[in-house]
Amino acid sequence: MASCYGVSKLLLILLTTSFATALPATKPVSGQINSNSVLVALLDSHYTELAELVEKALLLQTLEEAVGRHNITIFAPRNDALERNLDPLFKSFLLEPRNLKSLQTLLMFHILPRRVSSPQWPSLSHYHRTLSNDHVHLTVDAPTLRLKVDSAEIIRPDDVIRPDGIIHGIERLLIPRSVQEDFNRRRSLRSISAVLPEGAPEVDPRTNRLKKPPPPVPAGAPPVLPIYSAMSPGPSLAPAPAPGPGGPRHHFNGEAQVKDFIHTLLHYGGYNEMADILVNLTSLATEMGRLVSEGYVLTVLAPNDEAMAKLTTDQLSEPGAPEQIVYYHIIPEYQTEESMYNAVRRFGKVKYDSLRFPHKVLAQEADGSVKFGHGEGSAYLFDPDIYTDGRISVQGIDGVLFPVEETPATEIKPAAPVVKKVAKSRRGK
């Protein structure tokens with residue numbers, strides 16, 4: 001009896017050991033899976049693209065828990081199917097961080113929480129619940145007897161078999177309806193609305209009420225702000241920013257117009273130095289383009305090459321000197337040779353605002369033309385209307401203009417008024 005008891009006890013130990021090695025654990029306590037797991041086999045097979053998507057979707061821990069509870073069935077598209085048949089836009093949609101939920105839903109749609117091998121495939125149509133709580137349709141194609149899951153064909157049944165799961169190779173990716181609808185909404189921009197940035201509402205300190213927004217400016221109307229408010233903080237700090245999207249006045253392509261008039265200067269000849277300053281030495285061309293795009297108009301008094309050659313090193317050595325020189329030659333008005341000549345003929349002397357605030361450019365009639373500036377630093381209108389397009393006017397002059405520093409005038413005592421005696425007219429009787 002003792003020997004029989006010892007044999008039965010030994011058989012019980014061997015059977016317990018064999019069952020422990022054959023059956024999977026209920027749930028890994030340490031969070032690690034067996035090296036013989038179907039998840040490890042997924043990494044070493046022809047389905048590494050799918051395994052990479054699982055890793056990016058942060059689903060490894062979820063699948064480890066599913067494997068620990070029960071066997072799983074994975075419908076896996078091969079790497080070449082994902083690379084060849086998957087739409088690049090749809091793939092980029094899945095990899096965006098904000099669409100992580102859609103990627104997780106799509107991947108768990110390929111996994112059944114039970115083991116279904118090809119001999120166990122249902123002969124009739126049958127629905128199975130996936131890990132994403134959706135259902136897939138398992139069928140058998142009648143003419144070819146091919147196994148199918150939804151509309152995808154099983155091209156490699158029972159490709160990978162492990163104790164805790166099985167992998168079937170399918171011809172293409174399965175896309176659940178919820179993920180497809182989410183992708184369609186993103187693509188048609190139904191769920192995304194471009195909102196123009198607006199400032200915070202202003203409160204009137206006198207009434208403690210919100211100020212009413214200004215009325216909209218119609219297209220083509222002159223800008224409401226003065227041009228000095230629209231200019232960049234300083235010519236030597238940074239290039240002017242590009243105009244923002246939208247807006248009621250962004251209907252002029254200012255950058256193209258500035259490039260056009262600079263090309264016209266170069267083809268006209270004799271104004272290469274001015275064009276070089278605008279393009280290479282400063283960011284003024286960018287800022288002029290932005291101003292024109294905002295709806296402002298400009299008149300450029302362009303000194304020719306002979307006048308620019310007379311500039312000394314001291315005049316150009318100071319920081320920001322080229323910008324300040326050009327700013328004084330830009331008038332924030334649209335003037336042509338005819339309009340300026342008519343103005344000086346009518347009013348004698350006219351002072352035009354310049355972008356070098358607060359200095360003004362003096363214009364007057366001289367020798368049948370228009371002369372700008374004061375005294376020896378004056379310049380004549382030499383090449384009129386080099387470029388006129390309704391927004392930018394370029395007038396060639398034969399000198400470089402510099403503003404006259406205003407000094408306070410000395411107080412002069414007014415002279416005593418001269419009294420003129422006028423005889424009274426006498427009326428006849």
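Strands S1 and S2 run antiparallel and are joined by 2 bridges, where strands are DSSP runs of E with at least two residues, helices are runs of H or I with at least four residues, and both are numbered from the N terminus. Two strands are said to pair if DSSP finds at least two bridges between them. Within this pair, Ile 74 stands opposite Ile 111 in S2.

Before I go on, please keep in mind that this is a predicted model, in which local features need pLDDT of at least 70 and side-chain atom pairs count only at pLDDT 80 or more, while totals for chains, interfaces and linings use all residues. Residues are numbered from 1 along each chain as its sequence is written, and side-chain values use heavy atoms, with hydrogens and water left out.

Stepping back to the whole sheet, we find 7 strands in the order S2-S1-S7-S6-S5-S4-S3, forming an open sheet with mixed pairing. Its edge strands, each pairing on one side only, are S2 (111-112) and S3 (126-129). Further along, S4 (residues 135-140) and S5 (residues 147-149) pair in the antiparallel sense over 3 bridges, with Leu 138 opposite Val 149 in S5.

Which residues line the largest cavity? They are Leu 42, Leu 50, Val 54, Leu 63, Ile 74, Leu 107, His 110 and Ile 111, so Ile 74 and Ile 111 come up again here, with a cavity being a set of points, on a 1 Å grid over the protein atoms alone, where a 1.4 Å probe fits but cannot get out, and lining residues having an atom within 4 Å of a point. About 50 Å³ of space lies in this cavity, a volume being the space filled by probe spheres set on the points.

Let me turn to the nonpolar cores, each a set of buried Ala, Val, Leu, Ile, Met, Phe, Trp, Tyr and Cys residues joined through side-chain atoms within 4.5 Å. The largest has 34 residues, of which Phe 261, Leu 265, Met 288 and Val 394 touch the most other members. Helix H12 (residues 284-293) gives the most to this core, with 5 residues. Apart from it lies another core, of 32 residues, among them Leu 59, Phe 93, Leu 94 and Leu 106.

Finally, some backbone details deserve a careful look. Most residues other than glycine have a negative phi, and most peptide bonds are trans. Leu 58, however, has a positive phi of about 60 degrees, and this residue sits in the loop between helix H3 (48-56) and helix H4 (60-69). Asn 133, in the loop between S3 and S4, has a phi near 65 degrees. A cis peptide bond joins Phe 357 and Pro 358, with omega about 5 degrees, and Pro 358 is found in the loop between strand S12 (349-353) and strand S13 (360-366).

How values were computed
Buried means under 20% relative accessible area, exposed over 50%, partly exposed in between (1.4 Å probe, protein chains only). On a 1 Å grid over the protein atoms alone, a cavity is a set of points where a 1.4 Å probe fits but cannot get out, and a pocket is an open set with protein on both sides within 12 Å along at least five of seven lines; lining residues have an atom within 4 Å of a point.
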